[in-house]
Amino acid sequence: MRRIILMIGLVMAIFPLLAQNAGQISQKRLELIKKFHNEFEQKIALQNAISNNSINALAKNRTNVGKTDHEFKYKVSVKGITNQKSSGRCWMFTGLNVLRPAVISKYNLTGFEFSTNYLYFFDILEKSNLFINEVQKTALEPMDNKKVEWLLKSPIGDGGVWNSFTNLVDKYGFVPKEAMPETYHSEKTGTLNKMIRTKLRENALVIREMIAAGKTGSEVESTSTQMLAEIYHLLALHLGTPPEEFTWRFRNSNGELSEEKTYTPQEFKKELFPELDFNEHVMLMDDPTREYYKLYEIDLDRNVLEGKNWRYINLPAKEIKQYALASIKNNNAMYFSCDVGKQLDKKEGLLSLDNYDYEALYGVKFGMNKDERVRTFASGSSHGMALVGVDVDENEHPTKWLLENSWGASSGHQGYLTMTDEWFDEYMFRVVVKKEYVTPKVLKILKMEPVVLPPWDPMFAPDN
């Protein structure tokens with residue numbers, strides 16, 4: 001109470017000075033500002049502790065330690081933990097991890113991994129092509145045009161979402177990890193991204209100059225093809241060459257060795273999933289900054305030129321949970337993304353609003369809700385994982401959720417993160433579920449004309 005009274009007094013004292021000094025920090029104003037800190041009880045002890053220690057170590061809420069177990073009433077049958085290493089390919093790992101359990105079950109395997117490197121190669125190639133095409137369309141716009149600036153700031157990157165994953169699989173199929181294993185640069189993508197971004201920006205200037213000079217469409221197309229050939233070359237040097245066909249056999253959990261077969265990537269997809277149809281999935285998002293029960297689409301938020309944009313139905317988190325619960329009960333993992341860095345106890349593998357008490361440590365209130373955090377860029381989806389488990393109370397209401405991560409088995413709780421139901425409300429942003437678990441009333445929203453949003457909106461950063 002004393003701190004609240006002090007703050008009110010400071011505001012009342014400062015208010016007249018604002019008009020006098022037009023927002024400057026005058027000496028008188030500085031003295032009033034310093035007063036809050038100077039009158040803070042135990043400021044010396046706090047200053048000594050905070051300036052010399054990790055904030056999370058000091059803010060860790062001891063009353064929350066040991067209160068969350070990692071057991072779940074309902075859990076999808078999953079095996080093995082993947083590791084994206086130093087790359088932003090979480091969305092790709094997550095998409096593949098959603099499909100992995102079905103492969104393991106189908107062939108009675110002890111474990112299985114797809115080649116993320118294979119899809120990553122074509123992801124960057126396709127993103128480069130999309131960039132070049134958009135540069136052509138905006139070639140006569142000034143350099144400070146909003147769209148031109150957005151394109152040049154980040155021509156390509158590792159990030160993506162569910163539709164990026166499905167665009168790639170539909171076009172290129174997939175291969176097992178051993179057919180195109182990871183390389184140094186697929187696991188540490190910083191240098192590769194830097195090189196390709198630099199080349200694409202250089203290409204953009206060339207294309208703009210050609211179009212401004214009145215070059216023909218065929219001339220621009222020929223130049224663009226050569227540019228993409230150089231990008232392919234750079235990718236092949238860093239990642240290896242994608243196989244056009246490969247041989248695969250497996251040993252099942254009974255020790256039996258299968259017959260060796262030769263596949264193309266599309267044939268392999270057909271072998272594993274004869275009836276795979278990503279149109280049977282729907283992305284649900286909780287975006288509190290926009291009207292619920294509407295369909296939205298993010299312009300240019302895709303990786304493949306002819307592919308699908310990011311499209312979602314906006315629903316409250318409470319409703320999304322119902323569909324997620326039904327999916328897990330039926331042994332179906334889901335693509336899930338969130339603001340993973342908020343209140344994460346990485347060592348414990350726990351996402352809980354009670355992990356750290358920053359307000360008690362600093363004596364300063366942090367009071368924004370989810371809507372306010374999104375609108376001010378303080379929060380947004382940053383990471384994708386597979387949603388694979390849920391625990392419930394006696395009334396079958398969720399109490400906590402289980403996420404299969406892609407940070408390796410030594411991260412979190414044996415590679416998994418446990419998320420409280422309250423944390424789900426605040427920091428979950430999107431879940432992809434099969435339509436069979438969603439009510440017909442909600443699915444009707446898919447027939448609406450989508451509200452098209454710009455790709456630079458604060459809500460639509462890709463998962464990394």
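**Note on asparagine 332 and its chain**

1. Asparagine 332 sits in the loop that runs between α13 (317-329) and β7 (334-338). Helices (H or I, at least four residues) and strands (E, at least two) are DSSP runs, numbered from the N terminus. The model is predicted, so local features need pLDDT of at least 70 and side-chain atom pairs count only at pLDDT 80 or more, while totals for chains, interfaces and linings use all residues. Residues are numbered from 1 along each chain as its sequence is written, and side-chain values use heavy atoms, with hydrogens and water left out.

2. Asparagine 332 counts as buried because its relative accessibility is 17%; buried means under 20% relative accessible area (1.4 Å probe, protein chains only).

3. The side chain of asparagine 332 makes a polar contact of 2.5 Å with that of tyrosine 437 and one of 3.3 Å with that of lysine 434. A polar contact is a pair of N or O atoms within 3.5 Å; within protein, one must be able to donate a hydrogen and the other to accept it, and residues adjacent in sequence count only if both atoms are side-chain atoms.

4. Leaving aside residues up to four places away in sequence, asparagine 332 touches Val76, Ser327, Lys434 and Tyr437 (contact: heavy atoms within 4.5 Å).

5. For the chain as a whole, the secondary structure comes to 17 helices and 14 strands. Of its 464 residues, 49% count as buried. The C-alpha trace spans about 75 × 70 × 50 Å along its principal axes.

6. Among contacts in the chain with a separation of 6 or more, 77% come from residues 24 or more positions apart.

How values were computed: Buried means under 20% relative accessible area, exposed over 50%, partly exposed in between (1.4 Å probe, protein chains only).
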